[in-house]
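User: Could you walk me through this fold? I'd like to go from the overall picture down to single residues.

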Amino acid sequence: MKKEHSPETPATQFLRRHQAEFTGHPYAYEAHGGTRVSARELGVDEHAVVKTLVMEDEHARPLIVLMHGDCKVSTKELARQAGHKKIEPCAPEVAQRHSGYLVGGTSPFATRKALPVFVERGILALPRIYINGGKRGFLVGIDPGLLTTLLAATPVEVALAD
């Protein structure tokens with residue numbers, strides 16, 4: 001098996017700085033392919049591929065939601081559990097401004113601004129997850145416990161079947 005070169009990104013620098021174990025997984029990125037394509041390219045279950053979604057509350061304050069690749073977020077339930085009136089996805093250019101990453105390459109690690117992070121509880125029960133490493137076509141494999149230890153992610157139950 002040939003060894004792929006992993007790109008150096010703010011996310012991988014953050015993980016190294018915190019001495020977090022991770023594996024790099026470059027793949028052929030397809031615009032609008034989402035987690036279905038990355039799971040197929042990596043040969044892993046889409047449920048273990050975690051999407052990083054930048055959303056905002058009723059005051060336009062940004063936050064991150066980490067969700068299974070094969071699920072959607074109930075924004076109504078997320079708002080209730082997070083103590084907000086309303087939460088909705090950000091426009092792509094707004095998400096990019098908050099995170100510092102291109103849409104399709106958004107990592108929850110080393111965002112431009114420190115953002116509150118919410119994680120679907122089921123993700124924390126998985127043995128290993130694959131999450132964006134800060135570049136389109138690049139995921140990192142990590143222990144899901146890093147989401148709570150490094151990002152202080154708040155567990156929520158807001159998944160809807162896709």
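User: What share of the contacts join residues at least 24 apart?
Analyst: Among contacts between residues at least 6 apart in sequence, 62% join residues at least 24 apart, where a contact means heavy atoms within 4.5 Å. This is a predicted model, in which local features need pLDDT of at least 70 and side-chain atom pairs count only at pLDDT 80 or more, while totals for chains, interfaces and linings use all residues. Residues are numbered from 1 along each chain as its sequence is written, and side-chain values use heavy atoms, with hydrogens and water left out.

User: How much of it is buried?
Analyst: Buried residues make up 46% of the 162 residues, with buried meaning under 20% relative accessible area, exposed over 50% and partly exposed in between, for a 1.4 Å probe and protein chains only.

User: Which residues have the most contacts inside the largest nonpolar core?
Analyst: They are L66, F109, I131, I142 and L147, in a core of 35 residues; such a core is a set of buried Ala, Val, Leu, Ile, Met, Phe, Trp, Tyr and Cys residues joined through side-chain atoms within 4.5 Å. Strand β8 (residues 138-142) gives the largest share of this core, with 4 residues. A second, separate core has 12 residues, including L78, A79, I87 and V156.

User: What does I131 touch?
Analyst: Leaving out residues up to four places away in sequence, I131 touches V50, T52, L66, P108, F109, F138, L139, V140, I142 and L147.

User: Switching to α1, which of its residues are buried?
Analyst: In helix α1, which runs over residues 10-17, the buried ones are A11, T12, F14 and L15. They lie on the same side of α1 because they cover an arc of only 155° around the axis, the arc being that of the directions from the helix axis to the C-beta atoms. Their cover includes β7 (129-135), β8 and α6 (145-151). Just after α1, Q19 takes a positive phi of about 55°.

User: Last one: where is T111, and why does it count as buried?
Analyst: T111 sits in the loop between α4 (92-99) and β6 (117-120), and T111 counts as buried because its relative accessibility is 17%. The side chain of T111 reaches the backbone oxygen of K113 at 2.5 Å. Not counting residues up to four places away in sequence, T111 touches I64, S99 and Y101.

Key
Helices (H or I, at least four residues) and strands (E, at least two) are DSSP runs, numbered from the N terminus. A polar contact is a pair of N or O atoms within 3.5 Å; within protein, one must be able to donate a hydrogen and the other to accept it, and residues adjacent in sequence count only if both atoms are side-chain atoms.
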